[in-house]
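Biologist: I would like to go through this model and ask what stands behind each label. Please set the values against the cut-offs as we go.

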Amino acid sequence: MLPEEIRHRLETRIAASAHPRELVVDVMYELQNHYGFLNDVALREVAELLQLTPLEVEELATFYDFIYRRPVGRFVLHVCDGVVCWMFEEQSALDYICKLLGVAPGETTPDGQFTVLPTVCVGYCDHAPAMLINGKLYGPLTPEFIDRTLEELRSISCDLVLCR
Amino acid sequence: MPYLIIDNRHIQVPRGTTVIDAAERLGIMIPRFCYLKVLGAVGACRMCAVMFEAGPVKGLQMSCMVQAADGMRVSTTHPEAVAFRRQIIEWLMINHPHDCPVCDEGGHCLLQDETISGGHSRRRYTGAKRTYPDQDLGPLVQHEMNRCIQCYRCVRFYQEYAGYRDLGVMGIASRIYYGRFSDGALESPFSGNLIDICPTGVYTDRPSRFLARRWDLQRADSICLHCSLGCNTVAGAHYRAVIRQESRENVRVNGSFICDRGRYGHAYANLAERPRQSRLDGEPAGWREAAREAAARLKRIAAAAGHSAIAVLGSARNSLETQIMLRYLSHHAQWRPPRFFVNGSEARSTAAVVARLDSRLAAGLPDLEEADFLLAVGVDPVNDAPMLALAMRQAARKGAKIVVLDPRPVELPFAFDLLSAGLGDLPAALAVLVKTAVSQAGTDGCEAQEKAFLAALPGRVPDEKLQGQLGQAGGWLAASRRPAIICGSAIAGPELAGLAADLALLLQTGKTPSRLFYLLPGPNAFGAGLLQRGSRYFPSLLQDIEKGGVRALLVVENDPFFRYPDQDRLHSALGKLELLMVLDYLPSRAARAAHIFLPGATVFEAGGSFINNCGLLQYAAPVHEGGIPLAQVSGGSHPPRAHAPAPGSEKCPSAYEALLFLANELAIRPPTMDASPWSLLPEDFPGQAELLAHPYPTDGLQLLPRLSEAESLQTPVNLPTSGPAAGALTVLRVEQTFGSEELSCYAEPLRQLAGPPLALLHGADADRAGVRDGEQLCFEIGGEKVELALQVTNRMAPGQLIIPHHYALGRAACRLPAVVAQAELRGLTGQDSPDLPQAITES
Ligand code: SF4
Ligand code: SF4
Ligand code: FES
Ligand code: FES
């Protein structure tokens with residue numbers, strides 16, 4: 001169940017909007033940040049808040065890379081799969097990360113630390129190849145840089161998945 | 001009018017025509033997947049690429065996205081275009097399964113056709129294909145998502161065109177998925193159209209799954225008989241069963257689609273319990289023998305008690321040929337003129353509609369789509385005539401304001417204003433609304449008679465809130481330029497129909513020239529309305545039977561027991577008859593009660609003409625010979641391998657043929673068989689006889705007069721304002737999309753969607769009566785129980801108890817009281833200790 005405080009805040013925003021439907025991404029983020037991912041309960045709550053059908057929310061939730069419909073790790077590695085990054089890749093950063101962590105794209109490491117997701121251009125082409133981890137940009141990616149970054153991440157504490 | 005050249009052929013097309021449509025006019029079908037004329041172009045699939053060789057557009061382009069223009073030279077066979085399309089189809093086939101032999105779409109699949117015609121016949125891709133789980137979408141539509149080629153037709157139809165919100169597209173790229181959020185029956189009553197429009201086998205017809213390839217079907221153009229709109233279909237029969245219907249385009253009626261009631265309502269034609277055996281006094285008899293005996297008895301009765309001791313009851317589901325034959329027969333045999341409606345109010349409403357509708361006023365469904373203001377009164381479109389709702393939605397999508405004035409909690413797949421008014425208040429409320437509009441728009445064009453009529457209209461309704469809403473809606477009407485009034489006939493009486501015509505005429509004198517669209521009670525109610533002239537209504541016939549004035553009744557394709565409120569009276573009256581002769585294809589109660597019974601033929605076997613609610617005469621072709629479906633004869637095993645007559649294969653004569661036979665036996669000059677049915681009644685239809693010969697134009701023949709001769713705009717205006725007394729609830733029996741209409745309610749898949757029998761009550765009435773949503777109301781009538789799940793809603797007019805007709809309700813439901821006291825309701829829930837809040841009980 002959504003805490004009253006969040007619900008109230010969202011309802012106020014929605015009431016003030018001329019086209020509540022426009023807020024759907026914001027509302028999905030709020031609920032995702034609260035629950036850790038957009039589970040079915042959260043999805044139905046989004047639908048109810050915005051008077052959409054669950055299907056209509058699902059259409060959008062599954063369209064956007066940054067809405068997670070399944071549980072994710074503490075850190076979500078959105079590894080860029082965009083054209084500019086391809087040009088800079090002799091060795092694929094995505095393959096390297098997957099091998100390093102022992103997961104396939106879309107999977108989470110068994111210790112719940114990392115989820116790896118390929119994504120479209122993250123807007124960091126000038127540092128290609130790039131990736132985005134919990135809202136922070138990293139690049140240019142080299143095997144050493146990736147090793148170091150993941151090592152650092154393992155040691156910091158962060159409870160929430162932040163997407164922006 | 002742009003003039004262009006396609007494949008070296010010249011053509012001129014209206015401005016705005018796309019090149020893909022221009023080519024189609026030349027008979028050149030450019031391959032396409034996403035493009036569908038009614039849905040418009042999106043250019044998503046890239047399959048329609050052609051080469052623009054000269055003119056304003058150059059190079060390889062999508063023909064669905066380019067409008068025809070002067071000087072264009074287009075080649076559909078240019079090597080580059082052909083190569084491009086071959087690659088597209090190969091790419092679409094990469095993930096598509098290669099198992100057409102087990103796919104139900106095989107044989108009528110656009111993807112099959114275009115794979116072949118696109119030149120992709122050898123598979124080069126050897127990798128794994130992406131696969132998906134399928135969903136259970138309910139009893140009508142089968143889902144096989146692996147076959148999808150991502151053309152988006154389904155979503156664009158389901159959400160944009162039809163306005164339902166439970167099927168869509170999820171995921172992206174190779175995870176793209178078309179379906180529902182989770183398993184469950186599709187909510188749209190238009191869901192079957194997915195089957196027709198999906199270019200591959202993702203959605204197929206579930207009830208006929210794996211029964212036949214389309215090429216195995218006997219197919220013919222048919223007309224839907226499940227409401228008065230007369231939507232066009234193609235019906236397909238296989239092994240003597242009608243198994244599948246598809247929509248057939250008619251731009252004057254249903255456009256490209258049909259509703260699910262129409263698509264799946266045909267099961268009554270295949271019923272195991274369908275009567276196939278003629279009976280004489282309860283004993284099986286040969287068809288001719290029974291018919292001869294009927295003629296003999298009719299002669300005896302006429303000799304003993306006079307010709308007027310014989311009466312005839314047809315129906316609104318009779319074909320026009322049958323109705324005309326009934327009229328011919330009763331005229332020449334000097335019997336009483338035929339009646340067609342058991343319900344007197346339906347008979348009178350239909351008479352009013354037939355008298356008033358003319359081509360000045362009449363709007364068709366396509367006109368409604370173009371309207372900028374729609375006022376529906378006494379209509380619940382999705383439940384009464386589903387395709388009406390789809391037409392209204394198209395108007396709404398183009399920005400029309402839509403107002404519904406009705407006691408029911410009407411739901412529609414678009415934004416509209418529901419003005420709740422009790423049944424008795426509908427005429428007055430309609431008058432107030434239009435009066436406001438005309439007064440606002442000005443009465444400059446009005447003559448004295450119109451002014452007097454306007455002045456005589458009521459200006460107020462007692463309910464303040466409703467008055468305010470009517471005023472506002474009147475303003476919208478005054479500001480509109482292409483308004484239309486939609487008037488129902490199922491719950492409101494003839495007064496409303498007449499008033500709607502008067503008000504539309506009044507509006508036509510001013511700046512808001514309104515059109516008018518009526519619904520009628522039955523697929524050929526219009527024909528019945530034309531032919532019932534001079535006859536009195538069924539209740540008076542019952543009286544005559546009781547008094548002994550009528551001794552024989554010939555019932556053709558009707559079941560008086562179906563909904564007649566006073567079942568006991570009906571039973572005892574029909575019991576008094578010396579001869580009750582029934583001819584029908586339904587296993588009806590009347591059929592069982594008949595002294596002489598003749599099995600009838602359905603529209604799929606007999607064909608026939610039907611006049612729809614707009615006065616459009618259309619012809620349904622026979623689809624197959626009929627007979628007992630082979631599956632029933634063979635007990636599910638392989639159909640017989642030899643071409644011998646199988647048991648039950650005798651063809652049932654159509655009602656028209658049976659009546660001809662009877663006429664012959666009665667020595668009535670038989671009409672010439674090849675003449676049009678209208679020529680039988682030259683005195684009734686002067687001038688039409690020559691006009692109307694089979695075959696009618698495929699899109700129907702408009703029968704309306706230019707100007708109706710009925711009196712209009714008469715003052716004083718007498719509007720009934722019979723509200724229920726305080727504390728009383730008017731019981732309203734209404735239609736439901738599925739499970740209530742006489743023919744389609746036999747279809748099992750539709751029964752599954754009908755839900756439980758309901759009673760609907762306004763919140764304020766529920767509070768006063770001390771009953772709650774979800775409680776069970778139980779009426780005990782003549783030892784039978786009628787159980788209804790109570791639904792409480794504030795979206796309806798107070799003072800009514802709305803009970804939809806429902807297949808599962810027994811005969812006792814016909815005898816539900818017309819008025820229920822609020823105070824009684826609590827007792828009906830079986831919980832007699834009311835725990836009401838004090839304040840409410842006192843008020
Ligand atoms: S399901 Fe059919 S109609 Fe829908 S996108 Fe796929 S192929 Fe097209
Ligand atoms: S709207 Fe009426 S006529 Fe049309 S398909 Fe449905 S039931 Fe048949
Ligand atoms: S393409 Fe990778 S960040 Fe833009
Ligand atoms: S039909 Fe033109 S792009 Fe699909």
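Biologist: Which side chain makes a polar contact with the side chain of Ser609(B)?

Modeller: The model is predicted, and in it the partner is the side chain of Glu321(B), at 2.6 Å. A polar contact needs a pair of N or O atoms within 3.5 Å. The value of 2.6 Å for Ser609(B) and Glu321(B) is within that limit. Ser609(B) itself lies in strand β24 of chain B, which covers residues 608–611.

Biologist: Why is Ser609(B) called buried?

Modeller: Its relative accessible area is 0%. Buried means under 20%, so Ser609(B) counts as buried.

Biologist: What makes Ile5(B) partly exposed?

Modeller: The relative accessibility of Ile5(B) is 22%. The class of partly exposed lies between under 20% for buried and over 50% for exposed, so Ile5(B) falls into it. Ile5(B) sits in strand β1 of chain B, residues 3–6.

Biologist: Which residues is Ile5(B) in contact with, leaving aside its neighbours within four places in sequence?

Modeller: They are His10(B), Met72(B), Arg73(B) and Val74(B). Contact here means heavy atoms within 4.5 Å. As for Ala54(B), 49 residues from Ile5(B) along the chain, the two C-alpha atoms are separated by 9.5 Å.

Biologist: Is Thr115(B) buried or exposed, and how do you know?

Modeller: Thr115(B) has a relative accessible area of 9%. The limit for buried is under 20%, therefore Thr115(B) is buried. Thr115(B) belongs to helix α3 of chain B, residues 110–117. With neighbours within four places in sequence left aside, Thr115(B) is in contact with Ile89(B), Met93(B) and His120(B).

Biologist: Now the place where the chains meet. How many residues does the contact take from each chain?

Modeller: Chain B gives 14 residues and chain A gives 15. The area buried between the two chains is about 1000 Å², and carbon and sulfur atoms give 57% of that area. On the side of chain B, Arg165(B), Ile172(B) and Phe181(B) lose the most area to chain A, together 64% of what that side buries.

Biologist: What makes the meeting of Arg165(B) and Glu56(A) a salt bridge?

Modeller: Their side chains come to 2.7 Å, N to O. A salt bridge needs a side-chain nitrogen of Lys or Arg within 4 Å of a carboxyl oxygen of Asp or Glu, so the pair Arg165(B) and Glu56(A) qualifies. The count between chain B and chain A is one salt bridge. There are also six residue pairs in polar contact between these chains, counted with both residues at pLDDT 80 or more.

Biologist: Which elements give two or more residues to the side of chain B that touches chain A?

Modeller: They are α4 (153–161) and β7 (168–170) of chain B. The largest share, three residues, comes from β7(B). By residue type, this side of chain B divides into six nonpolar, four polar and four charged.

Biologist: And what does chain A consist of in secondary structure?

Modeller: Chain A has seven helices and four strands. From the N terminus on, the order is α-α-α-α-β-α-α-β-β-β-α. Of the 164 residues in chain A, 47% are buried. Its C-alpha trace spans about 50 × 30 × 25 Å along the principal axes.

Definitions and conventions. Residues numbered from 1 in each chain as written. Chains lettered and ligands numbered in written order. Predicted model: local features only at pLDDT ≥ 70, side-chain atom pairs only at ≥ 80, totals over all residues. Heavy atoms only, no water. Buried area = accessible area lost by both parts, 1.4 Å probe. Polar contact = N/O pair within 3.5 Å; in protein donor to acceptor, adjacent residues only side chain to side chain. Nonpolar A, V, L, I, M, F, W, Y, C, P; charged D, E, K, R; others polar. Buried < 20%, exposed > 50% of the residue type's maximum accessible area, 1.4 Å probe, protein only.
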